[in-house]
Amino acid sequence: MDNNTKTSRRSFLKGSVALAGASVAAGAASAKEADPLITEVQEWASLTGAGVDETPYGLPISFEKDVVRRNVEWLTASPISSINFTPIHALDGTITPQGCAFERHHSGAIELRKEDYRLMINGLVDRPLVFNYPDLERFPRENHVYFCECAANTGMEWAGAQLNGAQFTHGMIHNMEYTGVPLRTLLKEAGLDAAGDLKNKWVYVEGADASSNGRSIPMEKALDDVLVAFKANGEALRMEHGYPVRLVVPGWEGNMWVKWLRRIEVTDMAVESREETSKYTDVYEDGTARKWTWVMDAKSVITSPSPQMPITHGQGPLVISGLAWSGHGKITRVDVSKDGGITWETARLGKQGDSKALTRFYLDTDWDGNPMLLQSRAMDETGYVQPTKNQLREVRGENAVYHNNCIQTWFVNENGVAENVEVS
């Protein structure tokens, strides 16, 4: 979007009359004429339905077949080392079904049986250990809800509005309840006396797939909230999410959540592997790189209305909904703007769970049919406020790919159709 267009839309919306508060009634249809869907017996009420053993593992109903992960074919050379996107525009609440949760692979998802699974702990430990899957199940376990976000989420938006849909701009994220053993429990089982002073120690975690994806994690984080997980949303991990065991690193970039976890090495320095040197670093305007940018800063996006979720009911009561999250802790507030950031209204937050988990927000309003420039702005418990694109560019330029947590804008026209635009 050019500057002239941005200015005209801002001016138009700035001069418009403020929208009234949402009506309590949702505008139910008037019952002036008989509705055959009520007055006549329908086919679904005339015949018996599916039996209890029709689908031993329940599947989504066919009417929701569009609520699926999607890939962008031109984004990578091959789907083997690629990513797909969570349909966040079509979901509500905060928990992501495993079947909809985004995937990111460096050499494809592998099939690894529980019986063949082994996890080794070595390096600066008192007793190098190897655990099989049943061994892990014998340790005291915990359940936590966390978001997992790829560092490249929203990365294509650095230079301007690119992909037209919340699924594609912000869908490299999911939020699930993980069950597993705290990493500190396994490290203490192996013993850390041999490591000496833990202040400057690290753990190097590695996956069992062909890419041997590995990342270095500071010992302080490893002993805090990192989880060795073997369940998600109450059931076994899916193959694409690291079955049978993956690492969960709350609040930190998804590349560190190593799947098919096979090795944990205690070291006295960062390994500086391929995925933490040639990739997953943020390049400044002058060519230097910002290193160890693990934490995912506060971020939000409006999921409805959005390009894939237009307003179809016309004028009247409208629920503006979206998601907010922060790797620093809980979301404390989300503001929503309907005029491109000129004025803001505080949204209603849904029920919050764990720290470093998705928060759903709602703004219950009235739409008068005038165009809108929708934005959301998140704040977390540390006081951090989600920045605009220009604020990020002033610090990092436009060479970056990762850690783009800018404010997103959707332009909604008088017909309720939304598109991705930039108002910085």
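## Overall architecture

The protein holds seven helices and 23 strands; helices (H or I, at least four residues) and strands (E, at least two) are DSSP runs, numbered from the N terminus. With a radius of gyration of 24 Å, close to the 22 Å that the globule rule gives for 424 residues, the protein is as compact as a globular protein of that length. This radius is taken over C-alpha atoms, and the globule rule is 2.2 Å times the number of residues to the power 0.38. The C-alpha trace spans about 80 × 65 × 40 Å along its principal axes.

This is a predicted model, in which local features need pLDDT of at least 70 and side-chain atom pairs count only at pLDDT 80 or more, while totals for chains, interfaces and linings use all residues. Residues are numbered from 1 along each chain as its sequence is written, and side-chain values use heavy atoms, with hydrogens and water left out.

## Burial, contacts and charge

Of the 424 residues, 50% are buried. Buried means under 20% relative accessible area, exposed over 50%, and partly exposed in between (1.4 Å probe, protein chains only). Among contacts (heavy atoms within 4.5 Å) between residues at least 6 apart in sequence, 73% join residues at least 24 apart.

In H5 (residues 183-190), the residues Leu183, Leu186, Leu187 and Ala190 are buried. Seen down the axis of H5, these fall within an arc of 100°, so they line one face of the helix; the arc is that of the directions from the helix axis to the C-beta atoms.

In H7 (residues 389-396), Lys389, Leu392, Arg393 and Arg396 are buried. Their arc around the axis is only 100°, which puts them on the same side of H7. Glu394 and Val395 are exposed on the other side. The cover over the buried residues of H7 includes strands S13 (282-283) and S14 (289-290). Just after H7, glycine 397 has a positive phi of about 75°.

## Loop residues

Isoleucine 83 lies in the loop between S1 (70-71) and S2 (84-85) and counts as buried at 6% relative accessibility. Beyond its neighbours within four places in sequence, isoleucine 83 is in contact with Asn71, Leu75, Phe102, Glu103, Arg104, Cys150 and Met172.

Glutamate 272, in the loop between S12 (261-267) and S13, has a positive phi of about 55° although it is not a glycine; at 39% relative accessibility it counts as partly exposed. Histidine 403, also not a glycine, has a positive phi of about 60°. Histidine 403 sits in the loop between H7 and S22 (409-412) and is buried, with a relative accessible area of 7%.

## Cis peptide bonds

A cis peptide bond with omega of about 10° joins tyrosine 243 and proline 244, and proline 244 lies in the loop between S10 (235-236) and S11 (246-248). The bond from serine 304 to proline 305 is cis, with omega near 0°; proline 305 is in the loop between S15 (299-304) and S16 (316-325).
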